[in-house]
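Hi everyone, thanks for making time for this. I'd like to walk you through one protein model, so please have a look at it while I talk.

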Amino acid sequence: MSLVQRYQQVLSRIANAKSISHGSAHPVTLLAVSKTHSINKINELYQLGQRHFGENYLQEAEQKITELADLDIIWHYIGPIQSNKTRAIAQNFHWVQTIERFKIAQRLSKQRPQSLGPLNICIQINISNEPNKSGIEPQALNALAAEIAQLPNLTLRGLMCIPKNTDDQEQLTKQFCTMQELYNTLKLTYTTLDTLSMGMSGDLELAINQGSTMVRVGTDLFGQRITQ
Ligand SMILES: *Cc1c(COP(=O)(O)O)cnc(C)c1O
């Protein structure tokens with residue numbers, strides 16, 4: 001299948017999921033996860049109208065962002081963050097979806113160039129409660145959100161999760177449902193919240209059904225990643 005066909009297929013899956021989910025009037029944004037995939041493919045998707053792209057590896061991303069600087073792409077950082085990488089992330093990206101520590105958020109705020117406007121932030125939740133997984137426990141959310149909301153050069157936009165890697169639909173639905181509850185509760189306090197980032201190639205329908213506003217799709221758009 002060509003990239004155009006894959007793109008159309010993913011867009012129609014999103015549209016279908018939206019139409020059958022209960023009362024979801026909100027838009028669902030597609031984040032094209034382009035890690036390991038070429039600049040040409042990103043450019044091709046851009047020409048088809050795609051604007052949001054997600055990258056996990058800073059070095060790879062910096063090269064792509066530099067080469068595609070003429071395009072009005074909105075870049076999302078969705079990989080793990082080491083503190084010595086925050087400056088480059090703050091300078092290159094529009095969004096960071098993998099925030100789990102205040103110290104990192106603080107550095108990003110300090111290092112964000114004023115001219116670029118605030119950096120958009122999602123807090124990552126370890127919704128499957130797996131010991132070695134990134135993200136905070138739900139109980140820690142209120143405290144971290146309150147700290148981040150004080151930082152001048154960040155805007156708290158929402159929550160992000162990667163659920164358990166399983167085909168068990170019931171388990172996935174339960175995790176997405178808990179995310180929606182956390183998100184709706186947090187929204188009562190923070191008016192800047194408009195993003196619930198959940199759902200990937202295999203489970204975007206389930207996620208949209210549980211209120212996702214942003215699905216992050218790699219494999220079903222670009223094909224299998226070349227594993228390093
Ligand atoms: C790689 C990645 C994705 C995309 O996953 P696919 O299963 O290839 O669609 C989504 N979110 C994050 C955080 C990722 O690292």
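What we have here is a predicted model, where local features need pLDDT of at least 70 and side-chain atom pairs count only at pLDDT 80 or more, while totals for chains, interfaces and linings use all residues. Residues are numbered from 1 along each chain as its sequence is written, and side-chain values use heavy atoms, with hydrogens and water left out.

Now, the overall picture. The protein has nine helices and eight strands; these are DSSP runs numbered from the N terminus, with helices being H or I of at least four residues and strands being E of at least two. Along the principal axes, the C-alpha atoms fill a box of roughly 45 × 40 × 35 Å. Is 17 Å the radius of gyration of a compact globule, or of something else? For 228 residues, a compact globule would have a radius near 17 Å, so the protein's 17 Å agrees. That radius is taken over C-alpha atoms, and the globule rule is 2.2 Å times the number of residues to the power 0.38.

Of the 228 residues, 50% are buried. I'll say contact when heavy atoms are within 4.5 Å. Taking contacts between residues at least 6 apart in sequence, 58% join residues at least 24 apart.

Let's go inside. In soluble globular proteins, nonpolar side chains tend to be buried together. By a nonpolar core I mean a set of buried Ala, Val, Leu, Ile, Met, Phe, Trp, Tyr and Cys residues joined through side-chain atoms within 4.5 Å. The largest one here has 63 residues, and L108, I123 and L159 have the most contacts inside it. Helix α7, residues 169-187, gives the largest share of this core, with six residues. There is also a second, separate core of seven residues, L31, V33, W95 and M214 among them. Back to L108: beyond residues up to four places away in sequence, its partners include T86, I89, V96, L119 and L154.

Two more inside residues deserve a stop. M160 sits in strand β6, residues 154-161, and counts as buried because its relative accessibility is 1%. Which residues does M160 contact, leaving aside neighbours within four places in sequence? Among them are Q97, C122, I123, M179 and R216. Q97 is 63 residues from M160 along the chain, yet their C-alpha atoms are separated by 6.4 Å.

I73 is in a loop, between α3 (58-67) and β3 (74-77). Is I73 buried or exposed? It is buried, since its relative accessible area is 4%. Its contacts, again setting aside neighbours within four places, are I42, Y46, R51, F53, L68 and H94. From I73 to H94 is 21 residues in sequence and 9.2 Å in space, C-alpha to C-alpha.

Finally, some backbone. Most residues other than glycine have a negative phi, and most peptide bonds are trans. T36, though not a glycine, has a positive phi of about 70°, and its place is the loop between β1 (29-33) and α2 (39-47). N129 is not a glycine either, and has a positive phi of about 55°. N129 lies in the loop between β5 (119-125) and α6 (141-149), and is exposed because its relative accessible area is 58%.

Methods:
Buried means under 20% relative accessible area, exposed over 50%, partly exposed in between (1.4 Å probe, protein chains only).
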